[in-house]
Amino acid sequence: MDTEERRSAPTAGGTRIPRQSLWVEEPAVRRRMPDPVRTAAVRAVLVISLTIIQAMVALLSTMTGSWLAFPMMLSSVGSTVVATWAVLDVWVTRQVWNQRNGVVSVPSSSARKLRRERRAARRAARTAEREAARIRRRGTSSLSRAGARAPVRS
């Protein structure tokens, strides 16, 4: 019995069991990071991993008494400074992106509440202005009609 026959053959109960796919798409739980922030994060991870590798090489070369221990120790200290800068770069890039493109409002955000109140106040002011304009238009047109005489024909 080859593979194709096994696929088409019914099971012992006579019913065919539906096959599940191996890959199931699931919605993302968190939103994707913005591109500049993601780039800075990838750069930071690479720098940190290189720093850890340098520190490990410095440790192992110190234990073996190699001449490479001192230069590797100096370079791992320098790499630690650079890794700290890379992590701060991720933080600063994220803050700048949020400042330029706006933060995501959550339902408990006070900024969203203030915006909603301002919007409601503007809407109420526009409605009142439209109502006053409508009353003015209706009032002037009815007065002009009441006082106007019919044209005299000769």
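Visitor: What makes R43 and D89 a salt bridge?

Guide: The closest N and O atoms of R43 and D89 are 3.0 Å apart. A salt bridge is a side-chain nitrogen of Lys or Arg within 4 Å of a carboxyl oxygen of Asp or Glu, so R43 and D89 form one. This pair links distant parts of the chain, with R43 in helix α2 and D89 in helix α3, 46 residues apart. A word on what you are looking at: this is a predicted model, where local features need pLDDT of at least 70 and side-chain atom pairs count only at pLDDT 80 or more, while totals for chains, interfaces and linings use all residues. Residues are numbered from 1 along each chain as its sequence is written, and side-chain values use heavy atoms, with hydrogens and water left out.

Visitor: Why is D89 called buried?

Guide: D89 has a relative accessible area of 17%. Buried means under 20%, exposed means over 50%, and partly exposed lies in between (1.4 Å probe, protein chains only), so D89 is buried.

Visitor: What makes W91 exposed?

Guide: The relative accessible area of W91 is 52%, so W91 counts as exposed. You will find W91 in helix α3. From W91 to A40 is 51 residues in sequence and 8.9 Å in space, C-alpha to C-alpha.

Visitor: How do you know how many helices and strands there are?

Guide: Helices (H or I, at least four residues) and strands (E, at least two) are DSSP runs, numbered from the N terminus. In this protein they come to four helices and zero strands.

Visitor: Why is α2 called roughly antiparallel to α3?

Guide: Helix α2 (residues 35-64) and helix α3 (residues 69-101) pack at an angle of about 165°, and their axes are 8 Å apart. Angles under 35 degrees count as roughly parallel, over 145 as roughly antiparallel, 65 to 115 as roughly perpendicular and the rest as oblique, so α2 is roughly antiparallel to α3. The axes are lines fitted to C-alpha atoms, for helices over the stretch in contact, and angles run from 0 to 180 degrees between N-to-C directions.

Visitor: Which residues make up the contact of α2 with α3?

Guide: They divide into 19 nonpolar, nine polar and three charged. Here Ala, Val, Leu, Ile, Met, Phe, Trp, Tyr, Cys and Pro count as nonpolar, Asp, Glu, Lys and Arg as charged, and the others, Gly among them, as polar.

Visitor: How do you know that R38 and D35 form a salt bridge?

Guide: Their closest N and O atoms are 2.2 Å apart. Both residues lie in helix α2, three residues apart, about one turn of the helix. R32, D35 and R38 are linked in a network of salt bridges.

Visitor: What makes R134 and E131 about one helical turn apart?

Guide: They are three residues apart in helix α4 (residues 110-147), so about one helical turn separates them.

Visitor: Where is confidence lowest, and where is it highest?

Guide: Helix α1 (residues 3-8) is lowest, at a mean of 61, and α2 is highest, at 95. These are values of pLDDT, the predictor's confidence in each residue, from 0 to 100. The protein averages 82, and 74% of the residues score at least 70. Where pLDDT is low, the predicted coordinates should not be read in detail.
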